[in-house]
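The following report describes selected local features of one model. The sequence and structure are shown first.

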Amino acid sequence: MNKKKLLLGVVTVATLFLAGPIADNATQNLDQVPVTVQKIAQVDHVKADEREFGTDTSKYQGPNAQKAKGSDTFSIAQIGGAVGNEIYDQWTYKTQISTGIAMGLRMHTYIWMETGSNKMQTARMLNYHLPKIQTPKHSIVALDYEQGATSNVQANTDNVLYGLRRVRDAGYTPLLYTGKWFAQQYLDLDRILAEFPNCIWVASYPTNAINTEPWWAYFPSMNGVAMWQFSSTARADGLDYNVDLLGVTKNGYKHGDAEKPITKPDAVKDGIVADNTPKKNITVGYTVKVNFGAKVWSTGQAIPDWVKGNSYEVIQTSGNKVLLKGIMSWIDRSNVEILSTAKQNNAQSTTGTYTVRSGDSLSAIAARFGTSVSALQSANNIRNANLIYPGQVLKVGGQATIMSVYTVRSGDNLSTIASRLGTTVSHLQSVNGIRNANIIYPGQNLRY
C-alpha cells in the first residue's frame with residue numbers, strides 16, 4: 001500500500017523462510033500445503049484455479065490505475081485517510097478509479113486509518129471521506145489499520161468496529177486491512193469477526209523479490225481472511241498485489257461484471273465514457289495504456305516488456321499511429337487502450353485539502369501533491385509564498401497542474417534526466433519518493 005508503511009513481523013519472519021532450500025521447494029499447489037491453509041484458501045464456490053488477482057494503489061503509483069498482469073480483474077485505490085486529527089486526500093484517487101474502470105477492472109476503495117482507539121477521530125475521517133467515495137455501492141471500502149494502535153486492545157477494537165459499522169451503514173462492503181502480527185497484538189479479532197465474518201484483508205510477503213504468484217506454503221493462517229496481499233513488489237518500483245480468496249472483489253458489480261457497476265459515481269461514469277470511446281477517436285491529449293499483448297512498435301521493432309501495461313499521453317497522431325509522450329515511440333491504435341479522453345484530462349482537477357504542519361513549506365507541499373507553488377498561491381489567495389502557518393488548511397486542487405511523466409531509459413541517471421527536463425535531482429526525488437538517487441531502472445515512470 002502506502003510505500004512508507006511497514007508491516008511489522010512480516011518481512012522479518014519471511015527472511016527465515018528464504019534462508020534455506022525450503023524457499024526453492026515452495027509449492028504453488030494447494031493440494032500440497034497444510035490442511036489448515038487449504039481450508040482457508042478453498043472456501044465457498046471459488047476454486048483455486050478461479051482465483052482472481054489485482055493491485056492496490058496510492059499516490060505513489062501516479063494518476064492512473066495499475067495492472068501487474070493483463071489478466072488482473074480488480075484494483076483498490078486509496079482515497080486518503082487520517083493520522084490522528086489530520087485528514088488528507090489522495091490527488092490520484094478519482095483518476096485511478098476512472099482509468100481502472102476504463103481498463104475493465106472492478107474498482108474499490110481503501111482509507112488509511114491511523115486513529116488508534118479514538119472514535120472521534122475516526123468519525124471525523126469517515127464523515128469527510130465516505131461522501132466522496134467514487135466506487136459503486138456495495139463495493140469494498142477497506143479500513144487500513146496497521147499503525148498507531150494504543151496499548152488498550154479493547155479500545156482499539158471498539159474503534160475499528162465503529163469504523164466497519166460506518167462503512168457497512170453507508171452501503172459498502174467493509175474490510176479490515178492489517179498484518180497478522182499487528183492484529184493479534186492490538187485487536188480482539190474474535191470480536192471483530194463475530195460481527196463481520198471474513199472481513200480480513202491480510203498482508204504478508206514471503207519475499208522482497210519481484211513476485212506475482214502467491215506462495216501458498218507461506219499463507220498467514222488466521223481466521224476470517226477474505227483477501228491476501230502476498231506481494232509488495234509485483235514490479236521493481238513497488239506495486240502491491242493481492243489474491244481474492246472469497247470473491248469479495250465482485251461486490252458492487254452485477255454478477256461480478258466490471259462493466260455492470262451497481263451505481264455510477266462520477267469517476268465510474270468517466271471510466272465508462274473512456275472505455276466506450278472508439279480508438280479511431282484518439283487524438284492529442286488522450287491518455288492510453290500499452291496493451292500487455294502488444295508486440296511491435298509501428299516501426300516493426302519489438303516493444304520492451306517494461307513498456308507493456310504502462311500509460312502515456314498521446315502527443316501526435318498519424319493515420320493509424322499515435323506517438324507516446326515520454327518514450328517518443330509510435331504505436332498502432334490497436335495496441336493501446338483508452339484510459340481518458342483529452343476532454344476528460346483537460347477537465348481533471350483535484351479538490352482535496354491539506355493541513356499545514358510545523359516545518360512545511362509551500363514548495364514541499366506543492367511537490368507532495370504534484371502541483372506548483374503558483375497554483376497553490378492562486379487557489380488559496382496566498383500573496384507571500386513564505387507565509388504559511390501550522391494548522392492552515394490549503395486547497396490542493398482547483399487549477400493544480402497534473403504533472404508530466406518521463407519514462408527512464410537504459411543508460412539514464414537522475415542527474416541527466418533532471419538536466420534534460422529542466423529540474424533538479426532533489427525535486428525528482430521528492431516528487432517520486434526516491435530515497436537513493438542512484439537507484440532507478442529502465443521503464444520507471446518519473447513525475448516532474
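Strand β5 (residues 140-144) is largely enclosed by the rest of the structure, because five of its five residues are buried (under 20% relative accessible area, with exposed meaning over 50% and partly exposed in between; 1.4 Å probe, protein chains only). The model is predicted: local features need pLDDT of at least 70 and side-chain atom pairs count only at pLDDT 80 or more, whereas totals for chains, interfaces and linings use all residues. Residues are numbered from 1 along each chain as its sequence is written, and side-chain values use heavy atoms, with hydrogens and water left out.

From β5, Ile-140, Ala-142 and Asp-144 point one way, while Val-141 and Leu-143 point the other way. Strand β4 (residues 106-114) runs parallel to β5 and is joined to it by four bridges; strands pair if DSSP finds at least two bridges between them. Leu-143 in β5 is the bridge partner of Ile-111. Strands (E, at least two residues) and helices (H or I, at least four) are DSSP runs, numbered from the N terminus.

Two further residues are compared by accessibility below.

| Residue | Relative accessibility | Class |
|---|---|---|
| His-129 | 0% | buried |
| Lys-254 | 48% | partly exposed |

His-129 belongs to helix α4 (residues 119-129).

Lys-254 is placed in the loop between β9 (240-244) and α8 (266-275).
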